[in-house]
Amino acid sequence: MSGQASARLGTGGKVAAGVVVLIALVAVFAPAIAPYPFDAQDIPNRLQGPSSEYLLGTDHFGRDLLSRVIYGTRIALSTALPAVGMALLLGTLMGLAAGYLGGMVDSVTVLILDTLQAFPGVILALAILAVAGPSSLVYVLAVTFVPGYARVIRAQVLSARNQEYVQAERNLGAGNFRILFRHILPNVVAPIIVLAAMDIPTVITLEAGLSFLGLGVPPPAPSWGVMLSEGFQYMRQAPSQILFAGAALIVTTLSITLFGEGLQRVLDPRSAKESS
Amino acid sequence: MLSFVIQKLASTVIVAILVITFLSLLVHFVPGDPATIILGPRATPELVARVTTAMDLDKSPAMQTLSFFGRLLRGDLGTDVFTNRPIATIVGQVLPHTVILALASLLLAALVGIPLGVLSAVRPGSWADRILSLVSVTMVTIPPYVSGLLLLMLFSGTLRWLPTFGLGNPGNPLDYLQHMLLPTIALALTWIGYLARLVRGNLLEVLSQDHIRAARAQGVSQRTLLYKYALRNALVPTVAILGVALGGLMAGAVFVEIIFSRPGLGTLITESIQGRNYPVVRAATLAAALLFVIANFLADIANAALDPRIQLGRKGAA
């Protein structure tokens, strides 16, 4: 990393980046790190507080909370990353087509995006999950986040389309495909990466929220949302489950958000200045 | 201004029509026969036939959508198969609780978030600013269901100052407000953080503009500059996101209502999904979307009234 980029990332961004790497490692090596399998039950020791045997205590089935929190990292990332990836891919294609082709394609695309964004946040996901069922969770999350990418790409393409360098390229005989992928797309990569980094924590929060409602990742998988929901049921006997699952969720989303903001200062300093 | 309003109204109506069409077609994504799934495996063929007719499932998708629009215009959202009550009544009964909760949270977020943003912008880069920035980004990342659960734990266990369950006595406004306090705080937290960040950013941008620097050069005090000249301009873009904020708060209300056992759209949608009651899910999500669309329309109009440049389609032009 160049000195300038490092300076722009800032201390906060660097600390956040370190935590993000750590979280990713926890997710990848969950089976090696976790002291117990996430679904190993020990009924006689249910709803226990922290002890030397179970460092964070146990839940209502006597399952080790530490192991469940660790495996929860894996669930959060393995849901959010494909969902954001899919949204990015689909949104980019829609934005490129709408911005570059214009006319009917553009009008129809904008109408689709307007319709999707007419639903407040989680409500769209709920409406689709209601009919499609929890197995479609990743796709539902992806659809919810498509409009952001499509809009950013479309706006960038619209402004790039009439730039002199693109005009010149066209006069030299470049085809649509070459102009789009060789000249326009590289210019929109930075804002899209930043948007993806900012979306990952939002998707993690949404997944946990839907799982909390019982409509996302089904138990016994230890999604942090599932853990919050089970902790809610046994709140009086064992409040620790809510605290640990909530803390894992907040630390993860906060560090990815701060990392994303650092990334924005490095990759896209102009818009970072505008939005901060 | 009038042509701007008409133009916005037209696009709002188009979006509303698309939302209704989308929701009327959504039931086709149900794997299997919706009527059978709603009623469960032990339903009699007669009952299945009746629900199929009531939901227009025997008609083509295009006819279903037309029939849905036709009924909607008459305020008819169908009849609930389980309770035999009009769905419009079921939704209408819970809707006010969600709207009041969202509006109260918006008010709280504005009352706390805007002063926090101003406080950070007074001395950008100072320790106070850095701490406030970290606090506000943390508030943004704490989802309403976590803040709701933490408040519930704190007040149902350790502190017992506030009621944590239900709506309260419907005849007693004070009791209603008391029951609303914790859900409102849980819901507002995210938007306190958002507004603080937004106001800080806008204010710093306005403060760096030429007319402010000119006024400062003429000896206008920092106080007058900040509160009389800059804050007004900095708050205009904040108005634009109030519509979005209201949508976000209605979405967050889903979780808060479940945690504090409040009747509302969120509770209704979640329970209806679990009961596979598609017509009620559809009606309740439709109500949420239409409210959101209207809120955005009003916010756009208010924003354009405050900032005439927007009417000319030069949003953000300096």
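Analyst: A helix here is a DSSP run of H or I with at least four residues, a strand is a run of E with at least two, and both are numbered from the N terminus. Counted that way, chain B has 13 helices and zero strands. Keep in mind that this is a predicted model.

Let's zoom in on a helix pair in chain B: α7(B), residues 144-158, and α8(B), residues 173-207. As for handedness, the crossing of α7(B) over α8(B) is right-handed.

Which residues do the touching? From α7(B) you get P144(B), S147(B), G148(B), L151(B) and F155(B). Facing them from α8(B) are L182(B), I185(B), A186(B), L187(B), L189(B) and T190(B). Sort the residues of this contact by type and you find eight nonpolar and three polar, with no charged ones.

L106(B) belongs to helix α5 of chain B, which covers residues 87-122. Is L106(B) buried or exposed? It counts as buried because 22 C-beta neighbours fall inside 10 Å, and the cut-off for that label is 20 or more. Leaving out residues up to four places away in sequence, L106(B) touches L242(B), A245(B), L246(B) and L249(B). D129(B) makes a handy reference point: it is 23 residues from L106(B) along the chain, and their C-alpha atoms are separated by 23 Å.

Stepping back to the whole of chain B, the order along the sequence is simply α-α-α-α-α-α-α-α-α-α-α-α-α. The C-alpha trace spans about 85 × 55 × 35 Å along its principal axes. Of the 318 residues in chain B, 40% are buried, L106(B) being one of the buried residues. Taking the contacts in chain B with a separation of 6 or more, 70% are between residues 24 or more positions apart.

And chain A, for context? It has eleven helices and zero strands. Its C-alpha atoms fill a box of roughly 80 × 50 × 30 Å, taken along the principal axes. Buried residues account for 48% of its 276 residues. For contacts in chain A with a separation of 6 or more, the share from residues 24 or more positions apart is 68%.

Methods. Residues numbered from 1 in each chain as written. Chains lettered and ligands numbered in written order. Predicted model: local features only at pLDDT ≥ 70, side-chain atom pairs only at ≥ 80, totals over all residues. Axes fitted to C-alpha atoms, helices over the stretch in contact; angles between N-to-C directions. Left-handed = near helix turned anticlockwise from the far one by under 90°. Contact = placed C-beta atoms within 7 Å. Nonpolar A, V, L, I, M, F, W, Y, C, P; charged D, E, K, R; others polar. Buried ≥ 20, exposed ≤ 12 C-beta atoms within 10 Å, placed from the backbone.
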